[in-house]
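Take a look at the structure first, then read on.

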Amino acid sequence: MPIRSLQSMLRLLQRHAGKPTTVVPDGIFGPETARAVREFQQQNGLPVTGAADLATWNAVVDAAREAHIHHGPAEPLRPLFQPMQTISPGEQNMHLYLAQGMLQALRHYYDGMPPVSVTGRHDEACTACLKWLQARCGLPVTGELDRRTWQHMVRLYAQTVGDGTGSYPVRITHPEGAQTPQRV
């Protein structure tokens, strides 16, 4: 059984329980790891031995899997674009719902960005907004949604919109009126 994996899961479970994280994933089953195993066994109705037997291991894995939902990163969304696929003006595509939603959110942070509606159709407003974005990202200004434009838009969204609450990152207004998203 990999000790470092056990320690990483126990550390996650300590954090999930709001306790100080005392287990260090160093690969050595020392006194602190044994103490954390005993504590976990006691809390989960297992024989309190301090040894990570199969029943303890399986219970730790199950508990860590559940805790990871709350403390791990959100599941990434990777829409499938076919090789060399572009979504051109006038087309309808389900990926446009995501793209248009991201563009709407970005517009809250960038003055002058054209408005776009979430329609799933690559209409004139979507084309204008994508051209605006492409010009500022140094991309060919086509108004089409291709993989390169998607990658720039997703990265910009992650860096700018942050946790989605509007409080992180912080929007700062410069004296000349230009607004730039800033992380704190």
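How many salt bridges does the count come to? Let's set the ground rules before getting to that.

## What you're looking at

This is a predicted model, in which local features need pLDDT of at least 70 and side-chain atom pairs count only at pLDDT 80 or more, while totals for chains, interfaces and linings use all residues. Residues are numbered from 1 along each chain as its sequence is written, and side-chain values use heavy atoms, with hydrogens and water left out.

The chain has six helices and two strands (DSSP runs numbered from the N terminus, with H or I of at least four residues for helices and E of at least two for strands). Reading from the N terminus, the order is α-α-α-α-α-α-β-β. Of the 184 residues in the chain, 34% are buried (buried is under 20% relative accessible area, exposed is over 50%, and partly exposed is in between, using a 1.4 Å probe and protein chains only).

## Salt bridges

Back to the opening question: the count is four salt bridges. The rule asks for a side-chain nitrogen of Lys or Arg within 4 Å of a carboxyl oxygen of Asp or Glu.

Helix α2 (residues 31-43) holds Arg35 and Glu32, three residues apart and so separated by about one helical turn. These two form a salt bridge, with their closest N and O atoms 2.5 Å apart. Arg35 also pairs with Glu39, this time with 3.0 Å between the closest N and O atoms; Glu39 and Arg35 sit four residues apart in α2, again about one turn. What about exposure? Arg35 is partly exposed at 30% relative accessible area, and so are Glu32 at 29% and Glu39 at 24%.

Over in helix α3 (residues 54-71), Arg65 and Asp62 are three residues apart, or about one helical turn. Their salt bridge has its closest N and O atoms 3.5 Å apart. Arg65 is exposed, with 54% relative accessibility, whereas Asp62 is partly exposed at 48%. Shared partners also tie some salt bridges together: Lys19, Glu32, Arg35 and Glu39 are joined into one network.

## How the helices pack

Two packed helices are described by the angle between their axes and the distance between the axes. Here the axes are lines fitted to C-alpha atoms over the stretch in contact, and angles run from 0 to 180 degrees between N-to-C directions.

Helix α1 (residues 3-16) and α3 have axes that come within 9 Å and cross at roughly 50°, so α1 and α3 are oblique to each other (under 35 degrees is roughly parallel, over 145 roughly antiparallel, 65 to 115 roughly perpendicular, and the rest oblique). The crossing of α1 past α3 is left-handed (the near helix is turned anticlockwise from the far one by less than a right angle; clockwise would be right-handed).

Then there's α4 with helix α5 (residues 124-136): they pack at about 60°, with axes 11 Å apart. That angle makes α4 oblique to α5, and α4 passes α5 in a left-handed crossing.

## A nonpolar patch

Which residues make the nonpolar surface patch of about 300 Å²? Met94, Tyr97 and Val118 do. Patch members have over 30% relative accessible area and no salt bridge, with like charges joined within 9 Å and nonpolar side chains (Val, Leu, Ile, Met, Phe, Trp, Tyr) within 5 Å. Areas come from the Shrake-Rupley method with a 1.4 Å probe, and for residues only the protein chains shown count as cover.

Tyr97 belongs to helix α4 (residues 95-107) and is partly exposed, with a relative accessible area of 36%.
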